[in-house]
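Subject: Structure handover and findings

Dear colleague,

I am passing on the structure below, together with an account of what was found in it. Please read the account with the structure open beside you.

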Amino acid sequence: MEFRLPTNLQTELIAYDPQLKAMAREQTVKKPTKKSKYPLGNIPHLIPYNIIRESLQQDAIDNINANQARYRFRKFTTPVDVATPQARLITKAIIYHYEQCWYAAWLPGKDDDYIYGYAFAFKDTAAARKVLSRSILNNIATYEEVTVGRTKFFVSRKLVTKADIQAGMTQHHWRAEHVARYYEKAAELAPALDEFRKALQETIPVWDDHRELFSRMCCKEIWEALEINKELVPEHKRDGWQLTVDNLLETFNRTTTVYGYESYRDIEYAYVTKNLHVFNTPFFRKWMQQELDTCTKNFNDPNNRLHEDVVRGFKRILKLAQSVEYIRCIWPDCSVDYYQTHIEELMSIRLNQRHNEYVNGWLRQHMPVASFFKIINKYYEQELAKNKEGSLRNISKETGKLVFWFSDWNDTMSMLGRIFNADKTIDPPKRWRLNEFHDYVQAESWKISNPNELLPQDLFPEPIKVQRNDKSWSFFQPHDTHQLAMWGKAVRNCVGSASGYAEGVRKKQHFIVLCMLDGQPHFTIQLKVSNGMMSVEQIRGLCNSTLTVEHKDEYTEVFRIALQTREAALTSA
């Protein structure tokens with residue numbers, strides 16, 4: 001049984017009729033979907049209208065909505081120094097969209113009393129909550145809720161004042177998290193934000209050599225610029241604290257009380273307090289106050305843009321105190337006159353602070369303090385002469401003084417420590433000359449680290465002497481590794497310190513022959529034998545110098561005579 005449904009009823013029940021539903025679908029003309037003009041949202045205007053007028057902000061919002069992710073920003077520029085050769089454009093404001101959030105930042109107007117302004121706006125969606133920083137989401141309850149059309153935004157605006165910065169608001173709020181040039185979507189945005197930072201930097205007092213943009217603004221008092229812990233400055237003195245010798249010594253004396261342990265600063269400041277017999281004398285109080293007055297002058301100079309100029313005098317005091325402490329630990333009775341006379345050397349020369357007490361005791365017993373100051377004075381003058389020749393460029397940013405590393409002395413002290421740690425001792429040198437002292441200690445230290453081993457002497461078991469042209473030549477093989485090491489020190493090459501040479505002699509892979517001329521070390525020769533032929537692998541003069549043609553011919557003839565002499569000795573045996 002079938003019934004033909006009336007037309008209206010067919011339409012009413014079309015959802016139940018698959019054939020009519022398919023026909024209806026074919027006859028339905030789809031209307032084109034209208035693309036939203038604001039897929040990112042038409043946000044409320046974030047920048048004050050006296051900075052960027054409303055129409056310009058709206059135009060920026062429209063363009064950002066229409067752009068690809070990496071181009072979703074707009075810079076607002078303004079010309080400066082127009083009538084000068086330095087005329088240029090600076091970025092006075094910026095607006096951008098990044099990771100589900102709108103951001104804006106701007107410089108103040110002419111009559112505005114703040115440092116810069118920033119704002120951000122976002123929809124409270126799951127996608128936004130997934131990527132927004134904790135610092136933004138944690139304060140969502142404090143934000144203004146603004147509805148634009150049918151979309152609700154959370155909006156935050158802030159005018160950052162000098163007081164805010166001095167209270168610790170030093171974050172770069174104009175820059176969203178994770179904006180960096182190496183991210184593809186931020187490759188263009190990051191440089192634009194850098195331009196805004198540069199423009200901001202021109203409007204505030206800054207130290208060009210400090211890593212933090214707001215470091216100068218944060219320092220209301222000079223103790224802050226010197227990076228002295230505020231707990232070291234009595235609370236009732238913090239405002240208006242004066243950089244005087246007495247205030248500085250009081251500050252240094254408080255370190256142990258405040259920290260309760262030996263911090264880095266405690267140790268650094270203690271170099272002064274442990275040596276008040278030096279620094280509390282009239283000469284050094286006057287010297288310190290002159291250095292501190294320079295710090296204060298540069299701190300108060302509005303035209304000074306270098307933090308290092310502010311701290312330099314302070315750092316010189318600490319560096320000098322470090323050197324004085326070094327000397328006091330060895331020679332506690334050192335006269336203050338030595339420190340006064342050699343103040344420049346002590347600020348430039350780097351002395352290693354880590355000696356064991358055995359080294360200090362040995363120096364105290366055997367080396368007069370006057371000899372030490374002669375050494376550092378001679379070294380300082382030599383290095384200063386090199387610098388005048390243009391071969392040195394090491395200048396400390398902290399002290400403004402040339403840096404001389406004093407490596408021979410510091411190496412000598414390290415080697416002395418190794419000798420004493422091995423329960424060995426060493427006799428003092430007959431005279432205190434740094435190069436000679438260093439080589440002497442190095443040879444003794446090498447003996448401890450390298451046990452003495454006999455070496456074969458098959459070629460020349462006894463020295464062979466050759467007289468030729470009024471010159472006396474002697475050829476011999478080292479009888480042990482220590483003699484080889486001493487030879488290497490005498491001729492200043494690596495034959496004694498490089499283990500391969502001695503090892504090759506022991507394994508009879510080659511010969512090492514030493515040559516003296518008129519009783520003085522002259523040549524070092526490495527020889528090999530193959531198929532009955534002896535050949536010279538290498539031959540070196542003093543300090544690894546090569547032989548001239550004349551020397552090579554002369555040596556060849558003399559060595560041939562030495563081999564003939566050895567052959568004759570074997571024949572007659």
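This is a predicted model: local features need pLDDT of at least 70, side-chain atom pairs count only at pLDDT 80 or more; totals for chains, interfaces and linings use all residues.

A salt bridge is taken here as a side-chain nitrogen of Lys or Arg that lies within 4 Å of a carboxyl oxygen of Asp or Glu.

The mean pLDDT of the protein chain is 88, and 90% of its residues reach 70 or more. Among the elements of the chain, strand β3 (residues 101-106) has the highest mean pLDDT, at 98, whereas helix α1 (residues 7-12) has the lowest, at 53.

Salt bridges

By the rule given above, the count comes to 31 salt bridges. One of them joins Arg 70 to Glu 188, with 2.7 Å between the closest N and O atoms. This pair links distant parts of the chain, as Arg 70 belongs to the loop between α3 (54-66) and β1 (73-80), while Glu 188 belongs to the loop between α6 (162-166) and α7 (189-201), 118 residues apart. Arg 70 counts as partly exposed, with a relative accessibility of 23%, and Glu 188 counts as partly exposed as well, at 26%.

Another salt bridge is formed by Asp 194 and Arg 175, whose closest N and O atoms are 2.9 Å apart. Here too the pair links distant parts of the chain, with Asp 194 in helix α7 and Arg 175 in the loop between α6 and α7, 19 residues apart. At 28% relative accessibility Asp 194 counts as partly exposed, and Arg 175, at 26%, counts as partly exposed too.

Aromatic pairs

The structure holds 39 aromatic pairs. In one of them, the rings of Phe 406 and Trp 409 have their centres 5.9 Å apart and their planes at 10°, so this pair is stacked. Phe 406 and Trp 409 are both buried. In another, the rings of Phe 523 and Tyr 555 have their centres 6.1 Å apart and their planes at 85°, so the arrangement is edge-to-face. Because Phe 523 lies in strand β10 (residues 520-530) and Tyr 555 in helix α24, this pair ties together parts that are 32 residues apart in sequence. Phe 523 counts as buried at 3% relative accessibility, and Tyr 555 counts as buried at 4%.

The largest pocket holds about 470 Å³ of space. It is lined by 20 residues, of which Tyr 103, Ser 133, Ser 135, Ile 136 and Glu 177 are the closest to its centre. The elements that give two or more residues to this lining are β4 (116-123) and α5 (134-137). Sorted by class, the lining of the largest pocket has nine nonpolar, eight polar and three charged residues.

The second largest pocket holds about 410 Å³ of space. Of the 16 residues that line the second largest pocket, those closest to its centre are Ile 375, Lys 378, Arg 433, Leu 434 and Asn 435. Two or more residues of this lining come from each of α19 (369-388), α20 (407-421) and α21 (434-449), and the largest share, eight residues, is given by α19. By class, the lining of the second largest pocket has four nonpolar, four polar and eight charged residues.

With best regards

Methods. Residues are numbered from 1 along each chain as its sequence is written. Side-chain values use heavy atoms; hydrogens and water are left out. On a 1 Å grid over the protein atoms alone, a cavity is a set of points where a 1.4 Å probe fits but cannot get out, and a pocket is an open set with protein on both sides within 12 Å along at least five of seven lines; lining residues have an atom within 4 Å of a point. Grid points are joined across faces, edges and corners, and a volume is the space filled by probe spheres set on the points. Helices (H or I, at least four residues) and strands (E, at least two) are DSSP runs, numbered from the N terminus. Ala, Val, Leu, Ile, Met, Phe, Trp, Tyr, Cys and Pro count as nonpolar, Asp, Glu, Lys and Arg as charged, and the others, Gly among them, as polar. Buried means under 20% relative accessible area, exposed over 50%, partly exposed in between (1.4 Å probe, protein chains only). pLDDT is the predictor's confidence in each residue, from 0 to 100. Rings of Phe, Tyr and Trp (its six-membered ring) pair if their centres lie within 6.5 Å; planes under 30 degrees apart count as stacked, over 60 as edge-to-face and the rest as tilted.
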